[in-house]
Amino acid sequence: MNKEMGIVAIFVICVLVLLIGMMKQRAQVLFQFVMRIVVGAAAIYLTNQMLLANKSSIAVGMNPFSLLTVGLLGAGGYGLLYGIMIYKSL
């Protein structure tokens, strides 16, 4: 094996190690994103039910955009959605 082949082999091994580490991290990020969507959807549903019981006109719709907002921003997205609805009702 000559010098160039050795350098290429080391480079390929390093790239493979980095890719394995990135895939593990991506799986964790994807899992957290999905969990924020599930918890956010439940929180929106429960909050809408409580507001409906109190005869309030403020309610956040369950659609892909609101779930994406909660999934990306977490609790801040949840607050943002209800803040927009409160501002809109004024």
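This is a predicted model: local features need pLDDT of at least 70, side-chain atom pairs count only at pLDDT 80 or more; totals for chains, interfaces and linings use all residues.
1. Confidence. The mean pLDDT of the protein chain is 87, and 99% of the residues score at least 70. Helix α1, residues 3-53, has the lowest confidence, with a mean of 84. The highest is found in helix α3, residues 75-89, at 94.

2. Span of α1. This helix holds 51 residues, and the distance from its first C-alpha to its last is 75 Å. That is close to the 75 Å expected at 1.5 Å a residue. After α1 comes K55, which has a positive phi, near 60 degrees.

3. Buried residues of α1. Which residues of α1 are buried? They are F33, G40, A41, I44, T47 and N48. The elements that cover them include α2 and α3.

4. L30. This residue also belongs to helix α1. Is L30 buried or exposed? Its relative accessible area is 53%, and the cut-off for exposed is over 50%, so L30 counts as exposed. Between L30 and L19 there are 16 Å in space, C-alpha to C-alpha, for a separation of 11 residues in sequence.

5. S66. Helix α2, residues 64-73, contains S66. Its relative accessibility is 4%; buried means under 20%, and therefore S66 is classed as buried. What does S66 touch, apart from its neighbours within four places in sequence? It is in contact with V60, G61 and L81.

Definitions and conventions. Residues are numbered from 1 along each chain as its sequence is written. Side-chain values use heavy atoms; hydrogens and water are left out. pLDDT is the predictor's confidence in each residue, from 0 to 100. Helices (H or I, at least four residues) and strands (E, at least two) are DSSP runs, numbered from the N terminus. Buried means under 20% relative accessible area, exposed over 50%, partly exposed in between (1.4 Å probe, protein chains only). Contact means heavy atoms within 4.5 Å. The expected span of a helix is 1.5 Å times one less than its number of residues.
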